[in-house]
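Here's a quick tour for anyone meeting this structure for the first time. Have the sequence and the 3D view open as you read.

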Amino acid sequence: MLETEFCNIKMKNPTMLAAGVLGSTAASLNWAARSGAGAVVTKSFGKEPNKGYVNPTTVEVTGGVINAIGLSNPGVENFKGELEKLEGKVPSVASIYGANPGDFEGIAVQVQDMVDAVELNVSCPHAMGGCGAAIGQDPYLTAEIVKAVKEVVKIPVVVKLTPNVTDIVEIAVSAVSAGCDALTMINSLGPGMRIDLETAKPILSNRFGGMSGPAIKPVALRCVFDVYEAVEVPIIGVGGIRDYRDVVEFLYAGARAVQIGTAVMYEGMEIFTKINRGLEKFMLQKDYSSIEEMIGKSH
Ligand SMILES: Cc1cc2nc3c(=O)[nH]c(=O)nc-3n(C[C@H](O)[C@H](O)[C@H](O)COP(=O)(O)O)c2cc1C
């Protein structure tokens, strides 16, 4: 009843672990899979190991969290060791980042036999060295990266978009015209900040970071809704999802699957099973026999 699919990747339910939240090791990705996630996305990794910013890298705000981790990761060579240990219980997606088309292409080629899809993170609002949202805010650069990766990999290429643009539809259309197979939206919102009352200084070492959690859900939902009307490729919705009701809203807006990030930090891996149970109950009450029937219903 809860089955869904994107790019011919079959999922037993529409929930996925979002990139960056507990997905740095095979152990945590396998744990999410065993806990009921329909698919898992790794923490974003790049060409070389990256320490990221010094602490503090996350701070709570009303309705969510602001983080500026700076894409800390062990680099593709080390991450391959983790990907080898995936149990394969559910589809896995490698989230990758870089500063230019060559970086993305080089990493995608190295991992394409180990995962079911790659998700291009062109949307991190606190990345170092020209990686991140600076790319995803530019339709031309986004397209160049998609084309480069599509030329070298056989698995589906998903592009993760930033909401921090004037018109997300323009970026989405550009990524799709360049050949991407699916879109994930949204990465964290912002940048935003918090200031310490005692020191009068910004709390995060990077001063600014990306906002996630329940407060960004309305923005994420609107992005999915708008982009659904403009493109034909599958959409994976993410941003502020905490319970099955949020998932229903994303499906109605046009998402085929959803990712959950911040809520996993608060509620643990049990959240996947909890959401799936709630969703199943809702579908029975409303007489839905498949997820497919719910996708895009608000249009
Ligand atoms: C601590 C933390 C780390 C994150 N790291 C990544 C990352 O490495 N790559 C990425 O594409 N998104 C990353 N994100 C963004 C999430 O994948 C997601 O797009 C965003 O948090 C919105 O969803 P949520 O409200 O369910 O957390 C991170 C978010 C958080 C809170």
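The shell around the ligand splits into nine nonpolar residues, eleven polar ones and two charged ones. Here Ala, Val, Leu, Ile, Met, Phe, Trp, Tyr, Cys and Pro count as nonpolar, Asp, Glu, Lys and Arg as charged, and the others, Gly among them, as polar. Keep in mind that this is a predicted model, where local features need pLDDT of at least 70 and side-chain atom pairs count only at pLDDT 80 or more, while totals for chains, interfaces and linings use all residues. Residues are numbered from 1 along each chain as its sequence is written, and side-chain values use heavy atoms, with hydrogens and water left out.

**Around the ligand**

- In all, 22 residues surround the ligand, meaning that each has a heavy atom within 4 Å of it.
- The closest are Ala 19, Ser 44, Lys 160, Gly 240 and Thr 262.
- Ser 44 puts a polar side-chain atom 2.6 Å from a nitrogen atom of the ligand.
- Thr 262 also uses a polar side-chain atom, 2.6 Å from an oxygen atom of the ligand.
- With Gly 240, it's a backbone N or O atom that lies 2.7 Å from an oxygen atom of the ligand.
- On its own the ligand has 600 Å² of accessible area, and the protein covers 97% of that (Shrake-Rupley method, 1.4 Å probe; for residues, only the protein chains shown count as cover).
- The ligand sits in the largest pocket, with "sits in" meaning that more than half of its atoms lie within 2 Å of the pocket's grid points.
- A pocket, on a 1 Å grid over the protein atoms alone, is an open set of points with protein on both sides within 12 Å along at least five of seven lines.

- Thr 42 lies in the loop between β4 (39-41) and β5 (58-61); strands are DSSP runs of E with at least two residues, helices are runs of H or I with at least four, and both are numbered from the N terminus.
- Thr 42 is buried because its relative accessible area is 2%, and the cut-offs are under 20% for buried, over 50% for exposed and partly exposed in between (1.4 Å probe, protein chains only).
- A polar atom of the Thr 42 side chain lies 2.9 Å from the backbone nitrogen of Ser 95.
- Ala 94, in strand β7 (residues 92-96), counts as buried because its relative accessible area is 0%.
- Asp 181 belongs to the loop between α6 (168-177) and β10 (182-185), and its 23% relative accessible area is why it is called partly exposed.

- Most residues other than glycine have a negative phi, and most peptide bonds are trans.
- The bond from Met 185 to Ile 186 is cis, with omega near 15°, and Ile 186 lies in the loop between β10 and β11 (189-192).
- Another cis peptide bond joins Gly 190 and Pro 191, with omega about 0°, and Pro 191 is in strand β11.
- Leu 22 isn't a glycine, yet its phi is positive, about 65°.
- You'll find Leu 22 in the loop between β3 (15-17) and α1 (26-34), partly exposed because its relative accessible area is 39%.
- Ala 200 has a positive phi near 65° too, and its place is the loop between β11 and β12 (209-212).
- Ala 200 counts as exposed because its relative accessibility is 56%.

Terms used: Polar contact = N/O pair within 3.5 Å; in protein donor to acceptor, adjacent residues only side chain to side chain. 1 Å grid on protein atoms, 1.4 Å probe; cavity = no way out; pocket = protein on both sides within 12 Å on 5 of 7 lines; lining within 4 Å.
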